[in-house]
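I am opening a notebook on this structure. The entries below record what I looked up, in the order I looked.

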Amino acid sequence: MITPAIIDRDYVLYKKYQRKQQLLERYPFQLYLKAQGNCFHSGKLSPGCETCFYRPYNKDKVKTNTVSVHTGQVCNVACGYCYYDPYREDSGEVYHNIIYPYLQQLYEISLDPLYDIDIVFYNSRGETLKYLWVIKEASDIIKRMQTNYGKRIYSILYTNFMLANDAVLDFLKECEVHEFRVHWSASHFSDKVMDNIHKAVEKGFTVSIEEPSLPECGIPLINKLDILEEAKVKHLNMIECQVTKDNVKYLKETYGQTHYMYRDTLWHLYDNGLVYDIMEEVLQQNKSFSIIDCNSNVENARSDAHMYIPEFQDPLQSKGLSREYPTDLNVDFYEWNKT
Ligand code: SF4
């Protein structure tokens, strides 16, 4: 077999509920839980997480509208587990077919008085900070939208933060970026990137750490929680690594003996509960930042299981675990001033 062995997503879901249940018993009131149980976490979450919480079940409750700006394809590092095509490049075709259409869509939205936007995500298939001109162009449009709508739009940028020197941070301040989602392990947890994080916090940005829940990224973090606290990081988002044709060989060779893959909305490598190990440390050490199992919405994929598997049995109930969660949203998000 060319892939890691496959396990059933219901097993993964069961393990996640089991760990969540244990944490709740050990740290009552500390864990905030989403209705229908997806995305277990503790602490106040980033406003940018809000739509994911509502989207699958409570569309009518969605309070935030989002739009993405894809800035480019190329990265300045090459992580073994990267799930993008290692030969991707910024050809003229990419500009024509991907980058410009995103900017065009944003521009069209900006002209539509009925279209309301709350959050903008700057992302890429590489390193977003290599593409400052795209950020500049998009942010100019966003500034005009803010004037037209009379409200503030929250901007989040995904990055490995290696290029975030003083001048770049000042530029991004001008572009009104609010939050960085930093993939710190891409630089092997470099001190330089941590320096950049300190500078960003000093300049008033919100910094979140967003990491694949793989041993090489997550285990070192367990010993760096004090560093995150000292840096005033607000959120730690852990996400199981997506498995694609571009990283399957690496994942099989590196983790094939110990880890399994499963399918939820996409194929992921089950982290064997690593995110809950980190969550437990965060709770035990009473850290101030939030932590989330961003993948725990395997629920999302299985909620309609009974429709195509007539004999579908709830794996939680059959194992004596409760599925009773509040029906209203029970999550705290950091508020930002929208006007
Ligand atoms: S930093 Fe992100 S985009 Fe760049 S190689 Fe690593 S995983 Fe891929």
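In which sense do E7 and strand E8 pair, and over how many bridges? I found that E7 and E8 (residues 235-239) pair in the parallel sense, over five bridges. Two strands pair here if DSSP finds at least two bridges between them. One of the partners I noted is Leu-236 in E8, which is the bridge partner of Ile-209.

Before going on, I noted that this is a predicted model, in which local features need pLDDT of at least 70, side-chain atom pairs count only at pLDDT 80 or more, and totals for chains, interfaces and linings use all residues. Residues are numbered from 1 along each chain as its sequence is written.

**Overall counts**

I looked up the elements and found 12 helices and 11 strands in the protein. Helices (H or I, at least four residues) and strands (E, at least two) are DSSP runs, numbered from the N terminus. The protein has 339 residues, and 38% of them count as buried. A residue is buried if 20 or more other C-beta atoms lie within 10 Å of its own, exposed if 12 or fewer, and partly exposed in between, with C-beta atoms placed from the backbone. I also checked contacts, where two residues are in contact if their C-beta atoms, placed from the backbone, lie within 7 Å. Among contacts with a separation of 6 or more, 79% join residues 24 or more positions apart.

Why is strand E7 largely enclosed by the rest of the structure? Strand E7 covers residues 206-212, and it is largely enclosed because seven of its seven residues are buried. I checked both faces of E7: Thr-206, Ser-208, Glu-210 and Pro-212 are buried on one side, and Val-207, Ile-209 and Glu-211 are buried on the other.

I then looked at E6 (residues 179-182), which runs parallel to E7 and is joined to it by four bridges. Phe-180 stands opposite Val-207 in E7. With helix H6 (residues 191-202), E6 and E7 make a right-handed β-α-β unit. Right-handed is meant as follows: with the strands pointing away from the viewer, the path from the first strand over the helix to the second runs clockwise.

**Strands E3 and E4**

I found another parallel pair in E3 (residues 66-70) and E4 (residues 119-123), joined by five bridges. Val-67 has Val-120 in E4 as its bridge partner. The chain crosses from E3 to E4 through helix H3 (residues 92-111), and this β-α-β crossover is right-handed.

**Nonpolar cores**

Which residues touch the most other members of the largest nonpolar core? I found Ile-197 and Ile-278, in a core of 52 residues. Such a core is a set of buried Ala, Val, Leu, Ile, Met, Phe, Trp, Tyr and Cys residues joined through C-beta atoms within 7 Å. Helix H10 (residues 274-284) gives the largest share of this core, six residues. Another core, of 17 residues, lies apart from it and includes Val-12, Tyr-17, Tyr-81 and Cys-82.

I listed the contacts of Ile-197, leaving aside neighbours within four places in sequence: they are Phe-161, Val-182, Val-207, Ala-231 and Val-233.

**Around the ligand**

The residues I found around the ligand are Cys-75, Val-77, Ala-78, Cys-79, Cys-82, Tyr-84, Gly-126, Glu-127, Asn-160, His-183 and Ala-186. Each counts as near if its C-beta atom, placed from the backbone, lies within 6 Å of the molecule. I noted that this shell divides into seven nonpolar, three polar and one charged. Ala, Val, Leu, Ile, Met, Phe, Trp, Tyr, Cys and Pro count as nonpolar, Asp, Glu, Lys and Arg as charged, and the others, Gly among them, as polar.

**Single residues**

Lys-234 lies in the loop between H8 and E8. Is Lys-234 buried or exposed? Lys-234 counts as buried because it has 21 C-beta neighbours inside 10 Å. Setting aside residues up to four places away in sequence, Lys-234 touches Ser-46, Thr-206, Val-207, Ser-208 and Phe-289. Ser-46 is 188 residues from Lys-234 in sequence, yet their C-alpha atoms are 8.0 Å apart.

In the loop between helix H8 (225-230) and E8 I also found Lys-232. Lys-232 is not a glycine, but has a positive phi of about 65°. With 15 other C-beta atoms within 10 Å, Lys-232 is partly exposed.
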